[in-house]
Amino acid sequence: MGLIQTIFSPAFGFSVIRVTTPIIFAALAALITNKAGVMNIALEGIMLMSAFFGTVVSAYTQSALWGVIAAVAAGITVAMIMAGFAFRMKADLILTGIAMNTFASGATVFLMYVVCNDKASTSSLPSCNVPNIQLPFIRDIPVIGEVFSGHNLLTYLGFLSVIVVYFLIYKTPLGLRIRAVGEKPDAAQSVGVKVIRVQFAALFLSGVFAGLGGAFMSMGYMSFFSRDMIAGRGFIALAAQNMGGAAPLGTLIASVIFGIADALSNMLQTLRVPAEAVQMQPYLLTIVGLVIYSVTTGRKKKKSE
């Protein structure tokens, strides 16, 4: 009975929104590149580098704003390096993404040791956090205020980004080019669209959103950077945008579902449940979601044939 009461409590709802934030940012990043016909496997590495540089720069400048800017810049840099290898040097996109993830994991540990003589975390640095925001009027409403008010500024930005991405993809000339390149690259090129340039732009935007997700992890979700702190959220985001049908609203719903699983696993850690069973829940849901997506997609293809 205590478990049920906890799940339906305002605190659990607050936790779901909080843990969903980095997944939303990364899933939107995956959605943009997917629309351009590019699978961004490097989301994990992009978020990891962004989280590191965000917290380090905020510590040295004593400014959360400069920390977020540094995080986004790091995300863009990693995305552009990946684009350069994939589109200019014609390297395999999937292998390039895996290489970027591996590089980010090792590079952040090395840089962390150089900066603060620690291979585990940057907790010794006086880094800054992005502030939490109390929503006027809403904070005074019972239950609703407890769930939706008091979140990190980046959390609200993450949910608003769903609307931004919708307008970007469906209401702007760049969005039209991105969709055209993703659906029929040869046809798009025949009418003068620079396919590689559009894919570069998609990866650039992907770096921005994934960078914000990384910034939230080290400057909102936690107050420091720790080794491999993204913990698979980049891959979960790929599954979320696939489950959401590469549509902004569907991606949001799928991200919230994964956020519920993550929040539930965090809550179960306080109960007498084996740690392994708790930690595998979000990833198990990821596998189930991908299976459902694959089966559904396969049926649609058979019907169209």
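Student: Leaving aside its neighbours within four places in sequence, what is I7 in contact with?

Tutor: I7 is in contact with F12, L264 and M267 once neighbours within four places in sequence are set aside, where contact means heavy atoms within 4.5 Å. This is a predicted model, in which local features need pLDDT of at least 70 and side-chain atom pairs count only at pLDDT 80 or more, while totals for chains, interfaces and linings use all residues. Residues are numbered from 1 along each chain as its sequence is written, and side-chain values use heavy atoms, with hydrogens and water left out.

Student: Where is I7 found, and how far is I7 from I260 in space?

Tutor: I7 is found in helix α1, residues 2-7; helices (H or I, at least four residues) and strands (E, at least two) are DSSP runs numbered from the N terminus. The C-alpha atoms of I7 and I260 are 9.6 Å apart in space, although 253 residues separate the two in sequence.

Student: Are R233 and D262 buried or exposed?

Tutor: R233 counts as buried at 9% relative accessibility, and D262 counts as buried at 11%.

Student: And the largest nonpolar core, which members touch the most others?

Tutor: Of its 83 residues, I32, F87, L154, V165, F225 and M229 touch the most other members. A nonpolar core here is a set of buried Ala, Val, Leu, Ile, Met, Phe, Trp, Tyr and Cys residues joined through side-chain atoms within 4.5 Å. Helix α10 (residues 195-221) gives the largest share of this core, 14 residues.

Student: What does F225 touch?

Tutor: Not counting residues up to four places away in sequence, F225 touches a set of residues including L48, F52, T108, M112, A120 and S121. With its neighbours within four places left aside, S226 is in contact with A120 and S121; S226 lies in the loop between α10 and α11 (233-243).

Student: Back to α10, where does α10 bend?

Tutor: α10 bends by about 25° at A215, the bend at a residue being the angle between axes fitted to the seven residues ending there and the seven starting there. From first to last C-alpha, α10 reaches 37 Å, close to the 39 Å expected for its 27 residues; the expected span is 1.5 Å times one less than the number of residues. α10 is mostly covered, with 21 of its 27 residues buried.

Student: What do the buried residues of α5 pack against?

Tutor: They pack against α3 (43-61), α4 (64-88) and α11, and the buried residues of α5 include M100, N101, T108 and M112.

Conventions. Buried means under 20% relative accessible area, exposed over 50%, partly exposed in between (1.4 Å probe, protein chains only).
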